[in-house]
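I opened my notebook to jot down what I could look up in this structure. Come along and keep the model in view as you read.

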Amino acid sequence: MAEGQLCRDLDRYMAGRDRRLRVGPIGPDGRAACVVEHDLHQGGALVGRTTPNHVDNLANPRKFELLEDTDAVAADPRYTRLLSAMAAVHGPAATPRDYARAAYDALGLEGGAA
């Protein structure tokens, strides 16, 4: 496993939640700080939070499915700002306009979402 990869949690208790984790920095103890990118539990309230996982578990295909390998998008520092902004507005009442405004603000774009 490497920093930036996206995995789906295959645990039987997580299957209905479709929980997806982005692998973050890996510590010397072999644990990665993973960011929850998608989780249907509690209306997505856990999106944007971090959870520690050992890289051996993340690399086990019976426990996690690799959905996306590392690439330039995840390595871009703007990606983290954008993900945080999306997590801040994410919820059952969020509209496309809310997401657009959050993206404009996070990326420092002129004019904002109309």
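**Before starting.** I am working with a predicted model, where local features need pLDDT of at least 70, side-chain atom pairs count only at pLDDT 80 or more, and totals for chains, interfaces and linings use all residues. I number residues from 1 along each chain as its sequence is written, and side-chain values use heavy atoms, with hydrogens and water left out.

**Entry 1, the core.** I found 9 residues in it: Cys7, Leu21, Val23, Ala32, Cys34, Val36, Val55, Leu58 and Phe64. The largest share, 3 residues, comes from β3. Helices (H or I, at least four residues) and strands (E, at least two) are DSSP runs, numbered from the N terminus.

For Cys7, the nearest cysteine sulfur is that of Cys34, 7.1 Å away. Cys7 has a relative accessible area of 1%, so I noted it as buried (under 20% relative accessible area; exposed is over 50%, partly exposed in between, with a 1.4 Å probe and protein chains only). Cys34 counts as buried too, because its relative accessibility is 0%.

Next I turned to Asn53, which sits in strand β4 (residues 50-54). Is Asn53 buried or exposed? Asn53 counts as buried because its relative accessibility is 11%. Leaving aside neighbours within four places in sequence, I listed its contacts (heavy atoms within 4.5 Å): Leu21, Gly30, Arg31, Ala32, Cys34, Leu58 and Phe64. I then checked Phe64, which touches, among others beyond four places in sequence, Cys7, Leu21, Asn53 and Leu58.

I followed α4 through its 12 residues, 96-107, and it reaches 16 Å from first C-alpha to last, close to the 16 Å expected (1.5 Å times one less than its number of residues). Its buried residues include Ala102, Ala103 and Ala106. Just after α4, I noted Gly108 with a positive phi of about 65°.

How values were computed:
Core = buried A, V, L, I, M, F, W, Y, C linked by side-chain atoms within 4.5 Å. Disulfide = S-S within 2.5 Å.
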